[in-house]
Amino acid sequence: CMEASLDYCEKHFRLATRMYRLWRGYMPEAIDLTFSKIMVNSAHAAVQDRIPKQLANLFSDGKPFDVLANNPQSEFHKEEAARWLNDFFMSPSKLNIQRSIIPTLQSVNIMGTGYRMPCIRHRKVDPAAGAKKGAKPTWEEVITSRDVDLFQIFPSPLGGEINPMDRWAADALEWFIYQEWMTDDQIKAFSQYDGWNESEAAKCFKEYHETESTVDGSLHEKYTILAGLDYGPEGQDYRKKLNDIEGRSKKRRVAHMFNREKWYVIVQDSFLVYEGKSPMGDGILPLVKYATTPDLKEWFGIGAIEMLEDLYITQALNTNFRFDYLAKAMFPAKWIRDDIMAGRPESDFYDRPYATHSFPVGVDIQKALWVDRMPEINQQTFLEDDRLQAMLQEIGGLPNYQRGLSNSAPSNDTASGIISLIQQAQGRLGMESLNLEWDGLAQEGRLVLMLAQKYITEA
């Protein structure tokens, strides 16, 4: 399953990596070949401008969830469930969703897809004071939901829907694999459940805390540039180095495979330490996928900057070429006769204020030195920059409605024109926000309620 998922994800991960580099400000090769090397990061601005608008649409009234009863008996408890759910998500001391969802929205807008995973985390509770000496610590089950890095999820090659009404439909996801890094104590938390494999776990804990594998090798380039899974510069593996620190809780790479019925926990690709029922039950997969622009029934969505990549690079190149030209005009090339150079370094002839140079007697300096001055830059380059900006705004769905597109593009500097642009921007962002709400936030709330029904047993 892992190999099939990895093969399916590889091309999407390459695209996601390229989009991340564009947003993060890594200089494309075409711009790096210019003299000026100016990275005009419009892609970063486009993503960061979208996020506060999406947050405002999702959480404008402070109560993002309405709870509906799925049977008459639940009708009396739906208001209490809604209060609990809204408090769980919105409270700064709990999930604090308005802050914790920002990395998810960044992933959605940059790379097309973002993930969150409602789950139960195990927190160790030490024996109470006065308890029998040597008593084993207990584990407390805590409901949470957290952002998951795009490169930690490996879906099955077929299926773009996680939890549709018809779970046997052709586009329903069969399985997914989630990989993370866990300490030995965290892995041992599974021992309290049926399905714990004691013999496999014993073999696992005897092995060195190795985190590298064929999976890591296949994704090394992606991990290297992403802070959440950073392997360090020049091949230095930070995770391996941290595992070598004495006294620190060392971590192992753990793959969780979920299908509609089972949950498998495999450590370091070799040890199946746990095999149990799916944590959600009822054939529900414990994952939420966020996307603003679905790609038909494909798993991975389309990000905010993917369709504009060429325009971003073209706009930056146009700016760099203008500055390169300006540099040639301000610091023109000089053609100097050999007898004037006289073996002196080129730096002696750089343009400097109040510079004084000597030359041999009898030499006509105007004939011995020629300055190759560039003609004035053509104004067409500035017009093209305005047109590129207009295309970015139009295609990206974020027009500058405060002043119209530009003087060189079709003007919108009228009341009706500006209102039209505002409506256009709101239409695109409104649809994106609805996709985030329907397919993302609503499903996350649904899964959290399922966990609450299962694990909260007291009022």
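User: How many cavities of 30 Å³ or more does the structure hold?

Analyst: The structure, which is a predicted model, holds 1 cavity of 30 Å³ or more. About 40 Å³ of space lies in the largest cavity. The term "cavity" applies where a 1.4 Å probe fits but cannot get out.

User: Which residues line the largest cavity, and what gives the most to its lining?

Analyst: The lining consists of Leu22, Ile31, Met39, Val40, Asn41, Ser42, Ala43, Tyr312, Ile313 and Ala316. Helices α3 and α12 each supply at least two of the lining residues. The most comes from α12, with 3 residues.

User: What is the volume of the largest pocket, and what makes a space a pocket and not a cavity?

Analyst: The largest pocket has a volume of about 1,200 Å³. Of the 29 residues that line the largest pocket, Val67, Leu68, Ala81, Leu449 and Met450 are the closest to its centre. A pocket is an open set of points, whereas from a cavity the probe cannot get out.

User: Which helix supplies the largest share of the lining of that pocket?

Analyst: The largest share, 11 residues, is supplied by α16. Both α4 (78-90) and α16 (415-455) contribute at least two residues to the lining of the largest pocket.

User: Why is the pair of tyrosine 8 and phenylalanine 300 called tilted?

Analyst: By the ring-pair rule, the model has 14 aromatic pairs. In the pair of tyrosine 8 and phenylalanine 300, the ring centres are 6.0 Å apart and the planes meet at 35°. Rings count as a pair if their centres lie within 6.5 Å, and planes under 30 degrees apart would be stacked, over 60 edge-to-face.

User: How do you know whether tyrosine 8 and phenylalanine 300 are buried or exposed?

Analyst: Buried means under 20% relative accessible area. Tyrosine 8 is at 13% and therefore counts as buried. Phenylalanine 300 is at 6% and is buried by the same cut-off.

User: What makes lysine 289 a charge that sits over a ring?

Analyst: The charged end of lysine 289 sits over the ring of tryptophan 299, at 4.3 Å from its centre. Likewise, the charged end of lysine 188 sits over the ring of phenylalanine 205, at 5.1 Å from its centre. The distance cut-off is within 6 Å of the ring centre, and the charge must also be within 35 degrees of the ring normal.

User: Why do β6 and β7 count as paired strands?

Analyst: The definition asks for at least two bridges, and 6 bridges join β6 (residues 262-267) to β7 (residues 271-277), so the two strands pair. The strands run antiparallel. In the hairpin of β6 and β7, which has 3 residues between the strands, glutamine 268 takes a positive phi near 50°.

User: How many disulfides does the structure hold?

Analyst: The structure holds 0 disulfides. A disulfide would require a pair of cysteine sulfur atoms within 2.5 Å. Among the cysteines, cysteine 9 is buried at 0% relative accessible area, and cysteine 119 is buried at 12%.

Methods
Residues are numbered from 1 along each chain as its sequence is written. This is a predicted model: local features need pLDDT of at least 70, side-chain atom pairs count only at pLDDT 80 or more; totals for chains, interfaces and linings use all residues. Side-chain values use heavy atoms; hydrogens and water are left out. Buried means under 20% relative accessible area, exposed over 50%, partly exposed in between (1.4 Å probe, protein chains only). Helices (H or I, at least four residues) and strands (E, at least two) are DSSP runs, numbered from the N terminus. On a 1 Å grid over the protein atoms alone, a cavity is a set of points where a 1.4 Å probe fits but cannot get out, and a pocket is an open set with protein on both sides within 12 Å along at least five of seven lines; lining residues have an atom within 4 Å of a point. Grid points are joined across faces, edges and corners, and a volume is the space filled by probe spheres set on the points.
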